[in-house]
Amino acid sequence: RNARRTDGTCLEYGLDYALKQLSKELDLPMSSIDLETAKNQFHLLLEWLEEFKSNFMEQVLSEHPLVLGTITEVEEVLTKYKETVSAVTVPLAVEKARNDRSALE
């Protein structure tokens, strides 16, 4: 869980730190979220999760509680990211499309 980049993982300071940082970013008011930082953290966690699942495939298949608990914990933060960022980016994309369309007219 707390393996760092120097230990061969993609997370610089380990899983617990990465989860805490992304959650903290997503708990900010919508206007204060640094979308680029959140996006980078999301992709690193996603990469970590895929690597974790492949390294512990046998435990995943046998439904080992510690492994499944870790997967669930990471997936909850990833879902929170998707829900939060969609709430921010979809309205911005709609507004941009409207502005682009009116600029063409």
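Let me start with Glu63, which sits in the loop between helix H3 (57-61) and H4, where helices are DSSP runs of H or I with at least four residues, numbered from the N terminus. Glu63 is not a glycine, and yet its phi is positive, at about 60°; with a relative accessible area of 58%, Glu63 is exposed, a word used for values over 50%, while buried means under 20% and partly exposed lies in between, for a 1.4 Å probe and protein chains only.

Please keep in mind that this is a predicted model, in which local features need pLDDT of at least 70 and side-chain atom pairs count only at pLDDT 80 or more, whereas totals for chains, interfaces and linings use all residues. Residues are numbered from 1 along each chain as its sequence is written, and side-chain values use heavy atoms, with hydrogens and water left out.

Turning to the helices, H1 (residues 15-26) packs against H4 (residues 65-104) at an angle of about 25°, and their axes are 10 Å apart. H1 and H4 are therefore roughly parallel to each other, a term for angles under 35 degrees.

Now the core: the largest nonpolar core has 21 residues, and among those touching the most other members are Leu11, Leu45 and Trp48; such a core is a set of buried Ala, Val, Leu, Ile, Met, Phe, Trp, Tyr and Cys residues joined through side-chain atoms within 4.5 Å. H4 gives the largest share of this core, seven residues. Leaving aside residues up to four places away in sequence, Leu45 touches Leu11, Leu15, Ala18, Leu19, Leu22, Val74, Val77 and Leu78, contact being heavy atoms within 4.5 Å.

Note on methods: Axes are lines fitted to C-alpha atoms, for helices over the stretch in contact, and angles run from 0 to 180 degrees between N-to-C directions. Helices (H or I, at least four residues) and strands (E, at least two) are DSSP runs, numbered from the N terminus. Angles under 35 degrees count as roughly parallel, over 145 as roughly antiparallel, 65 to 115 as roughly perpendicular and the rest as oblique.
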